[in-house]
Amino acid sequence: MTVEQSPRELADLHLTWTPAFLRGGRMAIDLSHTGRYAEDPANTHWYGGHQLVGVQASWFVLPQVSVFGRVTNLFDRRYAALASYDPFQQTQYNPGSPRSIYAGVHYAWSH
């Protein structure tokens, strides 16, 4: 018997690379794993789990100015942030976030 909505496995891996051509910037990949878990207290309905991938990068265009970007859920995987089951409403899924893209500029100044 397991506790419902509690995966046995949760894992995250973050790999970063800082190549010289980015002038102090970096590139990274994030891998996230959520294992299967019971959707109900009786452990009769199960959510299969999911894996997500994200990437990010930054680049110094000037010593005080960098540009950056990040993509979460790179492959736009459909997954449940939470899955539950009850006999009346059956399986219910709270959907996870779709692919999201972020970008920006960072400026650092000194007085």
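Begin by selecting Ser 66, which lies in strand β6 (residues 65–72), where strands are DSSP runs of E with at least two residues, helices are runs of H or I with at least four residues, and both are numbered from the N terminus. Before going further, note that this is a predicted model, in which local features need pLDDT of at least 70 and side-chain atom pairs count only at pLDDT 80 or more, while totals for chains, interfaces and linings use all residues. Residues are numbered from 1 along each chain as its sequence is written, and side-chain values use heavy atoms, with hydrogens and water left out.

Now show its contacts, meaning heavy atoms within 4.5 Å. Leaving aside neighbours within four places in sequence, Ser 66 touches Trp 59, Phe 60 and Val 61, and also Gly 104, Val 105 and His 106.

**Ser 58, in strand β5**

Select Ser 58 next, in strand β5 (residues 50–62), which also counts as buried, with a relative accessibility of 17%. Apart from neighbours within four places in sequence, Ser 58 is in contact with Leu 22, Gly 25, Arg 26, Val 67 and Phe 68.

**Ala 103, in strand β9**

Move to Ala 103, which is found in strand β9 (residues 100–107) and is exposed, with a relative accessible area of 67%. Beyond its neighbours within four places in sequence, Ala 103 has contacts with Phe 68 and Gly 69.

**Phe 21, in a loop**

Phe 21 is placed in the loop between β1 (10–17) and β2 (27–34), and its relative accessible area of 56% makes it exposed. With neighbours within four places in sequence set aside, Phe 21 is in contact with Met 27 and Trp 59. From Phe 21 to Ser 110 the separation is 89 residues in sequence and 25 Å in space, C-alpha to C-alpha.

**The largest nonpolar core**

Now select Tyr 37, Tyr 47, Leu 52, Tyr 79, Ala 80 and Ala 83 together, since these six residues form the largest nonpolar core, a core being a set of buried Ala, Val, Leu, Ile, Met, Phe, Trp, Tyr and Cys residues joined through side-chain atoms within 4.5 Å. In soluble globular proteins, nonpolar side chains tend to be buried together. Centre the view on Ala 83, whose contacts, leaving aside neighbours within four places in sequence, are Gln 5, Tyr 37, Glu 39, Tyr 47, Gln 92 and Tyr 93.

**The whole chain**

Finally, zoom out and colour by secondary structure: the protein chain has zero helices and nine strands. Its radius of gyration is 20 Å, well over the 13 Å that the globule rule gives for 111 residues, so the chain is more spread out than a compact globule; the radius is taken over C-alpha atoms, and the rule is 2.2 Å times the number of residues to the power 0.38. Along its principal axes, the C-alpha trace spans about 60 × 30 × 20 Å. Buried residues make up 26% of the 111 residues. Among contacts between residues at least 6 apart in sequence, 52% join residues at least 24 apart.

Terms used
Buried < 20%, exposed > 50% of the residue type's maximum accessible area, 1.4 Å probe, protein only.
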